[in-house]
Amino acid sequence: MDNIVLCGFMGSGKTVVGRELAKILGVKFVDTDELIEKEQGVAIKAIFATHGEDYFRDLEYEMCKKVAEMNGVVVSTGGGAMTFERNVEAIKNGSRVVFLDASFDVICHRIGNSTSRPLFNDREKARALYDERKDKYLKAADIVIDGDMSARKTALEIAGMFR
């Protein structure tokens, strides 16, 4: 089985859907952000604060190459990962990319007033980033799925496509 790589904006459900999908298919689940944090020994927020975005994006690119070497796993990518062509090229080798196309309103509802998502302190900036990234997700995707559904329903729908 090819890897199934989930992409989409923060709050679109990549991690929750990914865990559920992996359970349904009986395969391993990996989250690129979690792998980076484990490898670096610090949170991504700290990597950004200490080293900046460019440094993080280089780590992310290296992780995309590592994930591409895995076989038959479900992968959740960071919200920005699939907006960079080099990451898309690296990860598409042996993987199918699924874009969880959640509406901005649903994402806002899911995130609420979470302090772990500082970007959402300014909803206008978050909306502009959402709009900017959407075309990139569509370009990267092999499959587009409605991300407004429940995680379970989304995972079942994706599983049905890969059985």
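**A walk through the helices and the sheet**

Let's start where helix α1 passes helix α8: the crossing is right-handed (the near helix is turned clockwise from the far one by less than a right angle; a left-handed one is turned anticlockwise). Helices here are DSSP runs of H or I with at least four residues, strands are runs of E with at least two, and both are numbered from the N terminus. You're looking at a predicted model, in which local features need pLDDT of at least 70 and side-chain atom pairs count only at pLDDT 80 or more, while totals for chains, interfaces and linings use all residues. Residues are numbered from 1 along each chain as its sequence is written, and side-chain values use heavy atoms, with hydrogens and water left out.

Back to that first pair. Helix α1 covers residues 14-25, and its axis sits 8 Å from that of α8, at an angle of about 50° (axes are lines fitted to C-alpha atoms, for helices over the stretch in contact, and angles run from 0 to 180 degrees between N-to-C directions). That's why α1 and α8 count as oblique to each other (under 35 degrees is roughly parallel, over 145 roughly antiparallel, 65 to 115 roughly perpendicular, and the rest oblique). On the α1 side, V16, V17, E20, L21, I24 and L25 make the contact, and α8 brings A151, R152, T154, A155, L156, I158 and A159 (contact means heavy atoms within 4.5 Å). Sorted by class, these are 10 nonpolar residues, one polar and two charged.

Helix α8, residues 151-162, also leads us to the sheet: it lies across β1, β4 and β5 and runs at about 150° to β5. The open sheet itself has five strands in the order β2-β3-β1-β4-β5, with parallel pairing (two strands pair if DSSP finds at least two bridges between them). The edges belong to β2 (29-31) and β5 (143-146); each has a single partner strand, so one side of each has no neighbour in the sheet. From one strand to the next, the twist averages 25°. Strand β4, residues 95-101, runs parallel to β5 and is joined to it by four bridges. In one of these strands, β5, I143 is the bridge partner of V98. Helix α7 (residues 123-140) packs on the sheet too, touching β1 (3-7), β4 and β5, and its direction makes about 145° with that of β4.

Now for helix α2, residues 32-40. After α2 comes G41, whose phi is positive, near 75°.

The axes of α2 and α4 (residues 53-68) come within 10 Å and cross at roughly 110°, so the two helices are roughly perpendicular to each other. Here, too, the crossing of α2 and α4 is right-handed. From α2, the contact uses T32, D33, L35, I36, E39 and Q40; from α4, it uses Y55, F56, L59, E60, M63, K66 and V67.

Helix α4 has another neighbour to meet, α3 (residues 44-51): the two pack at an angle of about 130°, with their axes 7 Å apart. That makes α3 oblique to α4. I44, I47, F48 and H51 of α3 touch E53, Y55, F56, R57 and L59 of α4.

Terms used
Ala, Val, Leu, Ile, Met, Phe, Trp, Tyr, Cys and Pro count as nonpolar, Asp, Glu, Lys and Arg as charged, and the others, Gly among them, as polar.
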